[in-house]
Amino acid sequence: MEYMPGTASLIDEINKKLLVVLRDGRTLIGILRSIDQFANLVLHRTIERIHVGRQYGDIPRGVFVVRGENVVLLGEIDTENESTHSLEEVSIDEILEAQRDEQLKNQEEEKTRNKKLLERGLQPHGEQGIDEFP
């Protein structure tokens, strides 16, 4: 097939199982059913996969519409080798709890880092010292 620029190149991916990473960090896996000129995607039988360490859990999401500007990465999943991975699947409740624990740990590390930066007279990332308007 000839080269097609832009989103037209996604036509070959219709009805294939894809992994999509979004700007907010979420990972979706689903069957691509439709695209448009803005790279908006319609995924069918979609799951949201959450990874924490060597564990993962899948949350069923059904039909999922993804706005093209939110796609960071998109790739076809090799369905023949899909189950040959070294990760442990856990329940939704377990992975959500592990995700919460990881987020709390990251927040504590960020607080510690910011405190150390302030002690050295440096401004932590994201705090520019701009006054808020009333």
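Start by selecting S1 (residues 17-22) and S2 (residues 27-35): together they form a hairpin with four residues between them. In the turn, click on Gly25, whose phi is positive at about 95 degrees. Strands and helices here are DSSP runs numbered from the N terminus, with at least two residues (E) for a strand and at least four (H or I) for a helix. This is a predicted model, in which local features need pLDDT of at least 70 and side-chain atom pairs count only at pLDDT 80 or more, while totals for chains, interfaces and linings use all residues. Residues are numbered from 1 along each chain as its sequence is written, and side-chain values use heavy atoms, with hydrogens and water left out.

S1 and S2 pair in the antiparallel sense over five bridges; two strands count as paired if DSSP finds at least two bridges between them. To see one of these bridges, pick Val21 and look across to Thr27, its partner in S2.

Select Ile35 and you will find Leu41 of S3 standing opposite. These two strands form a hairpin as well, with five residues between them, and Ala39 in its turn has a positive phi of about 65 degrees.

Buried means under 20% relative accessible area, exposed means over 50%, and partly exposed lies in between (1.4 Å probe, protein chains only).

For a side-chain stop, go to Glu48 in strand S3. Glu48 counts as buried because its relative accessibility is 8%. Which side chain does Glu48 join through a polar contact of 2.7 Å? The partner is Arg61. A polar contact is a pair of N or O atoms within 3.5 Å; within protein, one must be able to donate a hydrogen and the other to accept it, and residues adjacent in sequence count only if both atoms are side-chain atoms. Leaving aside neighbours within four places in sequence, the contacts of Glu48 (heavy atoms within 4.5 Å) include Arg26, Thr27, Leu28 and Asp58.

Before moving on, select Ile11, in the segment before S1. Ile11 counts as partly exposed because its relative accessibility is 47%. Draw a distance from its C-alpha atom to that of Arg33: the separation is 9.8 Å, for residues 22 apart along the chain.

The last stops are salt bridges, of which the structure holds eight; each has a side-chain nitrogen of Lys or Arg within 4 Å of a carboxyl oxygen of Asp or Glu.

- Glu76 and Lys16: their closest N and O atoms are 3.8 Å apart. This pair links distant parts of the chain, with Glu76 in strand S5 (residues 71-76) and Lys16 in the segment before S1, 60 residues apart.
- Arg67 and Glu69: the side chains meet at 3.4 Å, N to O.
- Arg113 and Glu110: the N to O distance is 3.3 Å. Both lie in helix H1 (residues 92-119), three residues apart, about one turn of the helix.
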